[in-house]
Amino acid sequence: MTGKAGRYSELLDAARRAAADVEDGPRDIDGRIERLLERLRLDPGYLLSRITREPRNVVLEMTLRCNMRCRHCGSAAGKARPGELDLDQWLRLCDDLAAIGTRVVTLLGGEPLISPHWEAVSRRLSELGIWANSITNGWTLNNPRVADRVAASPLRSLGLSIDGRPEEHDDLRRRPGSFARIERGIALLHERGFTELSAITCITRANLDDLPWLHGCLTGHGIKRWRLQVCVPEGRMCRGDPVVLQPADLLRLVDFIREYRDRSTLRLGAADNVGYFGGCEDITRHRHGRQRFWTGCSAGLQTLGITSDGGVLGCLSFPAEPPWIEGNVTERSIREIWDDPDAFSYNRKFTPAQLGGGCSSCHYARLCRAGCLSSNLGYTGKVGENPYCLELVKRG
């Protein structure tokens, strides 16, 4: 495996293949977008029909148990799910994922480092040639024994959830001292030679102004990558929470990303819920292949999420309940679920009729398909309506 496989966002093969028909230089983004939109006008299924459907990027919820009760937790983690997978089931699942083309797996929770199985699962994935990452809240990393285990593991990178200055971070995490424990954990990991560290920040109104400070802090701690994602009102975070960004706030976030991206030593990028068109094509973009703009959500097309009790979702950020659960690996194999022609129909069988709100009349709708579908559920309760699109924000 190469370092390219460890990137958090991976462009749909459809865009790469479509680019074969568009040979213009990289600066002709507007022209390429318009030509692709014209193809989609003539054939709405053009892009989806050209996708190589492999679950290349999979997120495993190792446990729903967590040592925090974060105010913004999308899965409302705390207690373990009933019937969480045992080690043999996890290892069989690893084998099955390798067999259907998975390339990158991210171990999440809950808090993955308190799962009894994360080390064995990461080891099996590594043996299968799959790049294994994990993301942690960092609470246990100040324990030298935990740092030892991470440093000795085959994890290719570890993401740290860091959400602002110490006071804002601790408030959002609802555990005083959590920022300090992360800092101690970073130092312990560096001492042990584990330096492939990333930071993931959920952007709220409480930390938006502190991003320059946080950039300096992360740089000083030797963090290599920084992903910024908008905090979505789901799970414990309700839509009326005063720290939830309003759509117009995204303009300030985009300005920050543009200002710091090219001059930073960090690999700074936006998650899939920031973008998409209207002059912001360079913000939410995929970084391999020739297309350098958003080409739609990959849930159920090239990504999967699997809950700790075996539930299969197009994205782990979807609610772990019907109709988003497509099956369970304790009842059907992951291949059978993936190959089911009726699975993930919200994305695999997309039509413009699914769009609502401003998305229904947007010039880019057939290409964008309403942006990040799981975020849309948090914003509006509908996958096809995204009021946090920058194109809509700019239209006012």
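Biologist: Leaving aside its neighbours within four places in sequence, which residues is threonine 380 in contact with?

Modeller: This is a predicted model: local features need pLDDT of at least 70, side-chain atom pairs count only at pLDDT 80 or more, and totals for chains, interfaces and linings use all residues. Residues are numbered from 1 along each chain as its sequence is written, and side-chain values use heavy atoms, without hydrogens or water. Contact means heavy atoms within 4.5 Å. With neighbours up to four places away in sequence set aside, the partners of threonine 380 are Arg239, Glu385 and Pro387.

Biologist: Which backbone oxygen lies 3.3 Å from a polar atom of the threonine 380 side chain?

Modeller: A polar contact is a pair of N or O atoms within 3.5 Å; within protein, one must be able to donate a hydrogen and the other to accept it, and residues adjacent in sequence count only if both atoms are side-chain atoms. The threonine 380 side chain reaches the backbone nitrogen of lysine 382 at 3.1 Å. The backbone oxygen at 3.3 Å belongs to glutamate 385.

Biologist: In which helix does threonine 380 lie?

Modeller: Helices (H or I, at least four residues) and strands (E, at least two) are DSSP runs, numbered from the N terminus. Glycine 381, with a positive phi near 80°, follows the helix in question. Threonine 380 lies in H14.

Biologist: Why is helix H14 largely enclosed, and what is among its cover?

Modeller: Buried means under 20% relative accessible area, exposed over 50%, and partly exposed in between (1.4 Å probe, protein chains only). Eight of the eight residues of H14 (residues 373-380) are buried, so the rest of the structure largely encloses it. The cover over its buried residues includes S6 and helix H12 (345-348).

Biologist: What is the order of the nine strands in the open sheet?

Modeller: Two strands pair if DSSP finds at least two bridges between them. Here the pairing is mixed. The edge strands, each pairing on one side only, are S7 (267-270) and S9 (312-313). The order is S7-S6-S5-S4-S3-S2-S1-S8-S9.

Biologist: How many residues of strand S5 are buried?

Modeller: In a regular strand the side chains alternate between the two faces of the sheet. Leu197, Ala199, Thr201 and Ile203 point one way from S5, while Ser198, Ile200 and Cys202 point the other way, and all are buried. For S5 (residues 197-203), the count is seven of seven.

Biologist: Which residue in S6 is the bridge partner of threonine 201?

Modeller: S5 runs parallel to S4 (residues 157-161), with four bridges, and leucine 160 stands opposite alanine 199. S5 also runs parallel to S6 (residues 225-230), with six bridges. One of the facing pairs is isoleucine 203 with valine 230. For threonine 201 the partner is leucine 228.

Biologist: Through which helix does the chain cross from S5 to S6?

Modeller: A crossover is right-handed if, with the strands pointing away from the viewer, the path from the first strand over the helix to the second runs clockwise. This β-α-β crossover is right-handed. The helix is H9 (residues 211-220).

Biologist: Which residues have the most contacts inside the largest nonpolar core?

Modeller: A nonpolar core is a set of buried Ala, Val, Leu, Ile, Met, Phe, Trp, Tyr and Cys residues joined through side-chain atoms within 4.5 Å. The largest has 110 residues, and helix H10 (residues 250-261) gives the most to it, with six. The residues with the most contacts inside it are Leu60, Trp226 and Leu253.

Biologist: Which residue forms a salt bridge with aspartate 241?

Modeller: A salt bridge is a side-chain nitrogen of Lys or Arg within 4 Å of a carboxyl oxygen of Asp or Glu; the count comes to 24. In this pair the closest N and O atoms are 2.7 Å apart. The partners sit 170 residues apart, aspartate 241 in the loop between S6 and H10, its partner in the loop between S1 (57-61) and H4 (87-99). That partner is arginine 71.

Biologist: Is aspartate 342 buried or exposed?

Modeller: Aspartate 342 forms a salt bridge with lysine 349, with 3.2 Å between the closest N and O atoms. Lysine 349 is partly exposed at 45% relative accessibility. Aspartate 342 has a relative accessible area of 53%, so it counts as exposed.
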